[in-house]
Protein chains: 2
Amino acid sequence: MADSPPAASLRGDALRVLHAALAAADPEEAVKRHLGLLPGGRLEAGGRIWELGRFRRVLAVGAGKATAPMARALEEILGERLDGGTIVVKDGHGLPLRRIAVREAAHPVPDGRGVQGTGEILDTLAACGAEDLVVALISGGASALLTAPVEGIGLEEKQETTRLLLACGATIHEMNAVRKHLSRAKGGGLARAAHPARVLTLVLSDVVGDDLDVIGSGPTVPDASRYADAVAILQRHGLWDRIPEAVRRHLAAGAAGDRPETPKPGDPLFAGSATVIVGSCLQALTAAAREAEAAGYRSLILSSKIEGEAREVARAFAAIGRECRDSGHPLAPPACILAGGETTVTLQGAGRGGRNQEMALAGAIALEGVPGVLFLCAGTDGTDGPTDAAGAVADGETAGRGRRLGLEPRDFLKRNDAYTFFDRLGDLIRTGPTRTNVMDVYLLLVGAGGA
Amino acid sequence: MADSPPAASLRGDALRVLHAALAAADPEEAVKRHLGLLPGGRLEAGGRIWELGRFRRVLAVGAGKATAPMARALEEILGERLDGGTIVVKDGHGLPLRRIAVREAAHPVPDGRGVQGTGEILDTLAACGAEDLVVALISGGASALLTAPVEGIGLEEKQETTRLLLACGATIHEMNAVRKHLSRAKGGGLARAAHPARVLTLVLSDVVGDDLDVIGSGPTVPDASRYADAVAILQRHGLWDRIPEAVRRHLAAGAAGDRPETPKPGDPLFAGSATVIVGSCLQALTAAAREAEAAGYRSLILSSKIEGEAREVARAFAAIGRECRDSGHPLAPPACILAGGETTVTLQGAGRGGRNQEMALAGAIALEGVPGVLFLCAGTDGTDGPTDAAGAVADGETAGRGRRLGLEPRDFLKRNDAYTFFDRLGDLIRTGPTRTNVMDVYLLLVGAGGA
């Protein structure tokens, strides 16, 4: 720990800490941090060694919004040890690659190009043998980009089923249990297609909790759900008689044992394969905490799994920041308290903003008049809601500064207009699109002596 | 740190930790912990020595729901050094005392008995001289119990003003700025009445942030607000023409400089006086953390200032509990993470419950299926909402246990019916009335290995 940073530098330090988080979440850096080619053609990944010399071919497949830069890093690391492959990325998210074919497709609503790209991947995997190594690169958005309806079901019928589930408030786990049983790619589908090749999956996580079977609908990992679960979920929501006939027939046949199940945990299919989370919110927070320590702050990571209504969660953070300043709990200032996750906003008005800007505004209100505490909220993808900002920064003077400009912070919060408020104050954070996504990052900085 | 406690013991440990918090908040214990009579008649309070031999008399005054046991402790400590005094407590909250007169009055709506008891206190203080020491005992509820309208204003007119402010959503700070300028007791009024006697104030805090001028409306501490603020607040809320004529005249005269202001910070009036917070949520949490450490847990106090919508704040705590279990942040299990404060509940249904039970229920939903994490929420006064419970306890099995009894936790949360849910499960916490109040306590216990 260095000398106490003065309160005036809190903002600069917070931005520096945020950028350390973003750098750690960069897909290319994330892959390079977890993968290394050792002498003798040995690939180290996640603490495990893969003897490349023992494989006939090394192929890359994958999908997701951040998968192109992940693939570029893989090409750079493996060089000519990489034989080829195909990835599907969101429109505009491609990069020129040397050995891996890049297909662009629609997101978040799948289209025929996604079906075609996924078909190429399945063909590549079908041609694999026990002597091949497949590196799967999965990032956020893969669910929509890896689109391969089971035989007899059309893309539209699958989409209609998803739409019905969404409309009745099904959870992400319920959605996935159904979708995985309608797809040849999701729920371990790619792993089955690749068998008996060995599969090394590299994952950039964009979901709370980093559940591997949720990220991109888990194309290369086991699926604990069963056909019967999918049927039960649709019945519970009163959708069984409303879903397309072909979907109903397929699921009923599966539940009756007439279709092969998705591969389950413990399936020998997964023996010799491995999954490495190369980037996640927690990893970004860990890098950010290191940067904060280097800048002279004590650091504490609270959680990378924050969920809840943005403005209410912000009040809890403000309470922790005030306690830190007043009593030195949960740690003594100068302190950097870090968290991450994804909050939600229940819209009340027609203003502009995003969940991070809304959190920062609620934080500004809760921290009004408190010196020496700064609160920063930002989306790691650089885009918070339908705005050009990643988030915003607030402290004890923010509310008063707003009022002096004729902006009453409570009114702006009431109509979900945090963007306008912070834009006028010059307190928006603009990073531009970062081409990654490990959810959102929240920073509380508490200066040593106060203002 | 002892051996890791098994997950099965989490509940017992949590209750033990809670009871350590309650014991520390006990008004009698709280006073005894901060006050000591040293040889030679020297009274030590808050790290400061009062030479009792130099005072002609030592008198006790005060008000609040927990003030009778505070006074009993003072009588016990001072013995015959105490000459007498008067306190005003809520109906049914009195105790037989030897030297201090106990008056009971109505709460939360003041009545004539409160006015009479406060008059006795003001008379006692008026008779004090520079050679007297006054010990003021202030606890939650003192605002309503210390009732002394300024001359020319009746109790009803003061109440009507308060009622109007409440109805238009005024903050507690706005309420106080007005009330303090209509009272001879609030906003330093008792300190002024006692002058030139020295005043030692002992406070049991029931407000978030422990602001001395907010607790019991700060009868013995400086008041930063002015008559002009009171007028501006009433005008801002459109109430200036609606408040009783006598109130308007009094405040206008004060704003014009024709009435003495409440004593301000830095007023020589307060020289030689002192205030000691003998009990607070943070002190209760500190004692609870010590108990947790003794039971083998690492401990971390997050904040004693938690506010926000109960069900959303609960999700933030659940996220921290899950992170602790998964990654050892913010501290490694076995861990006890403590917090306190006072959340709010926006009523949606007509069920039974309180803010703590509602938090526990939301926590049960957010923690469903997570092994080895327990969440406890309880009001330190032993009464959570209009129920006979102090709070409830939840863990990863709570939601499932409810469902097996036909109780869908989300439905119970939706209609604010946490009491019924936890009562059926046997997971309510019942302490009975504790005769103290240092807000609410939240505990997250995370077992070492999980379940």
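Student: How many residues of chain A are in contact with chain B?
Tutor: 23 residues of chain A are in contact with 23 residues of chain B. Contact means heavy atoms within 4.5 Å. Keep in mind that this is a predicted model: local features need pLDDT of at least 70, side-chain atom pairs count only at pLDDT 80 or more, and totals for chains, interfaces and linings use all residues. Residues are numbered from 1 along each chain as its sequence is written, chains are lettered from A and ligands numbered from 1 in the order written, and side-chain values use heavy atoms, with hydrogens and water left out.

Student: What area do chain A and chain B bury between them?
Tutor: About 2,300 Å², with 59% of it on carbon and sulfur atoms. Buried area is the accessible area (1.4 Å probe) that two parts lose on being put together, summed over both.

Student: How many salt bridges between chain A and chain B?
Tutor: Two. One is Lys305(A) with Asp326(B), the closest N and O atoms being 2.8 Å apart. The rule is a side-chain nitrogen of Lys or Arg within 4 Å of a carboxyl oxygen of Asp or Glu.

Student: Which elements of chain A supply the side that touches chain B?
Tutor: Strand 10 (298-306) and helix 12 (310-327) each supply at least two residues. Helix 12 of chain A gives the largest share, nine residues. Helices (H or I, at least four residues) and strands (E, at least two) are DSSP runs, numbered from the N terminus.

Student: And how do the residues on that side of chain A divide?
Tutor: Nine nonpolar, six polar and eight charged. Here Ala, Val, Leu, Ile, Met, Phe, Trp, Tyr, Cys and Pro count as nonpolar, Asp, Glu, Lys and Arg as charged, and the others, Gly among them, as polar.

Student: Moving inward. Is strand 11 of chain A buried or exposed?
Tutor: Seven of the seven residues of strand 11 (residues 335-341) are buried, so the strand is largely enclosed by the rest of the structure. Buried means under 20% relative accessible area, exposed over 50%, partly exposed in between (1.4 Å probe, protein chains only).

Student: Which residues of strand 11 of chain A point which way?
Tutor: Ala335(A), Ile337(A), Ala339(A) and Gly341(A) point one way. Cys336(A), Leu338(A) and Gly340(A) point the other way. In a regular strand the side chains alternate between the two faces of the sheet.

Student: How many bridges join strand 10 to strand 11 in chain A?
Tutor: Six, and the two strands run parallel. Pairing takes at least two bridges found by DSSP. Arg298(A) stands opposite Ala335(A).

Student: What about Lys180(A), buried or exposed?
Tutor: Lys180(A) counts as buried, because its relative accessibility is 2%. Lys180(A) sits in helix 7 (residues 172-180) of chain A. Its side chain reaches the backbone oxygen of Asp213(A) at 2.8 Å.

Student: Back to salt bridges. How many over all chains?
Tutor: 56. One of them joins Glu28(A) and Arg72(A), with the closest N and O atoms 3.0 Å apart. Glu28(A) lies in helix 2 (residues 27-34) and Arg72(A) in helix 3 (residues 67-78), so the pair ties together parts 44 residues apart in sequence.

Student: Is Glu28(A) buried or exposed?
Tutor: Glu28(A) is buried, at 14% relative accessible area. Arg72(A) is partly exposed, at 33%.

Terms used
Polar contact = N/O pair within 3.5 Å; in protein donor to acceptor, adjacent residues only side chain to side chain.
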